[in-house]
Amino acid sequence: MAKFVEATRVVVIAESVLLKELLAKFVELGIKGYNGLYCFGKGEHGLVEDLFSNPDRACVRLEMITSRDIAEKIMDYVHRGAVQRYPITAYVDTIEVDAKDTFY
Amino acid sequence: MLDMLTEFWFNFRHNLFKPLLLFFYMGFSVPILKVPFEFPHVLYQGLTMYLLISIGWHGGEELAALPAGDFARAGGFMVIGFATNFVIGVVAYLILRYFTKLRQIDAATVSGYYGSDSAGTFVTCVGVLTAAKISYAAYMPVMLAVMEVPGCLVALFLVSRLRRTGMDSRGNMPGEPGYDKSTVPDPSAAHGHGNGDDANGRFASFINWELLHEVFLNPGLFLLFGGIFIGFVGRLQGEDVTKPDDPLFVTLFQGSLCLFLLEMGMTACKRLKDLKTAGLPFILFAIIGPNVFATLGIFVAHGYSMFLGQPFDQGTYVLFSVLCAAASYIAVPAVQRLAIPEASPTLPLAASLGCTFSYNVTIGIPIYMQIAKAVMDHFPVTAVS
């Protein structure tokens with residue numbers, strides 16, 4: 001029978017032009033893996049339409065399962081310094097994963 | 001004076017009902033009439049690519065036939081064009097700050113749009129000049145590329161200045177509504193290494209490789225220069241080498257431009273609704289500003305022509321004035337997306353596409369043609385042999 005343990009899921013939704021930079025940083029902060037989906041949307045900030053970019057890939061939604069400690073570092077990173085100027089949505093929640101899986 | 005007005009009225013009417021503009025009106029009416037029609041985005045991208053390459057190709061072919069002396073004159077004109085658009089960007093910022101209630105960040109960004117130029121307006125103007133059989137200098141497509149850059153630099157410079165003087169993360173300056181000092185990014189946070197407190201990376205350094213790459217090697221500039229280079233090298237090998245491709249890049253140009261203007265009409269109309277919150281002074285800026293900048297451009301071009309003792313073609317004046325009067329909608333939005341995320345994403349494009357583009361292609365170009373002609377007639381340049 002499967003045994004569950006708690007883990008932290010971090011979801012970061014940002015402009016796709018930021019993807020490379022964000023991923024590099026998240027890996028540096030300790031994540032072992034991630035899943036990404038291109039998406040679209042609008043919030044208070046809005047997005048600048050750029051002719052040569054793909055409107056279906058305006059935003060990217062990154063989902064990472066990691067430890068509480070690393071999740072805090074990620075949230076801190078996206079809400080501090082120059083990064084906070086960009087339209088970024090980020091949130092965490094606590095989930096249960098199979099104890100055999102090694103997310104962090 | 002009466003003759004001039006009569007001629008303007010004739011040109012204006014003549015231009016207003018050409019197929020090019022009729023397509024623009026057709027596009028403009030789509031959102032108004034709520035016709036359920038979406039212009040495919042990839043087709044719009046494809047048409048833009050085609051027009052940029054075509055304009056470059058044709059310019060490159062013409063450049064290959066230029067005598068060596070003309071290259072030096074063209075080089076000087078490019079430096080002047082760059083400086084003129086830089087000044088226009090700064091002047092636009094001062095006008096916007098003085099006459100409108102825009103936030104400083106938005107004024108700086110919009111001024112960047114106006115310090116740049118518009119490939120769409122340029123190709124439309126080429127279409128109008130070709131239809132009217134008005135000649136222009138072969139190097140003007142290169143001017144299109146060169147004069148696109150200053151606006152990006154003006155916007156980046158002004159915004160970096162705002163950031164140094166306390167702009168918060170939402171782009172508000174001290175004294176502006178909604179200013180939140182607690183969200184001013186801490187510059188010291190930009191120097192940490194490898195931990196959660198670090199806000200380092202590209203975001204912290206304002207000018208970086210990716211941004212410079214976008215300014216100087218964006219897809220628009222690349223395609224334009226690529227077209228110029230290929231047309232130039234092709235024609236140097238002989239007319240027979242480029243002739244087989246001319247039907248695609250030269251003959252089909254006008255028809256493709258019509259389709260492009262159909263889409264631009266739709267976009268311009270949709271953008272206009274974003275001006276609701278902008279206020280009358282901003283709308284007036286987007287309409288009156290181009291006339292001021294175009295006239296400045298015509299006088300600058302004429303000054304250079306006098307300095308050289310070399311008369312320019314009327315089309316050269318008109319294209320130069322359009323490069324001064326038009327506002328970017330390709331290069332600067334991409335730079336804004338990368339480097340000025342705090343600015344309004346809608347206002348600059350509403351002004352540049354909704355107002356200025358629509359004004360320039362319908363009313364502006366015939367007016368600039370008339371101003372150029374008046375300047376040429378009243379202050380003739382005598383050729384120095």
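Chain A of this predicted model has two helices and four strands, where helices (H or I, at least four residues) and strands (E, at least two) are DSSP runs numbered from the N terminus. Along the sequence, the order in chain A is β-α-β-β-α-β. Of the 104 residues in chain A, 44% are buried, meaning under 20% relative accessible area with a 1.4 Å probe and protein chains only (exposed is over 50%, partly exposed in between).

Over in chain B, a pair of helices can be picked out. The axes of α4(B) (residues 68-99) and α8(B) (residues 149-164) come within 8 Å and cross at roughly 40 degrees. That angle makes the two helices oblique to each other, the label for whatever is not under 35 degrees (roughly parallel), over 145 (roughly antiparallel) or 65 to 115 (roughly perpendicular).

Helix α9 of chain B (residues 209-216) supplies the largest share, three residues. Phe222(B) sits in helix α10 of chain B (residues 219-236) and counts as exposed because its relative accessibility is 54%.

As for bookkeeping, residues are numbered from 1 along each chain as its sequence is written, and chains are lettered from A and ligands numbered from 1 in the order in which they are written. Local features need pLDDT of at least 70 and side-chain atom pairs pLDDT 80 or more, while totals for chains, interfaces and linings use all residues, and side-chain values use heavy atoms, leaving out hydrogens and water.

Key. Axes fitted to C-alpha atoms, helices over the stretch in contact; angles between N-to-C directions.
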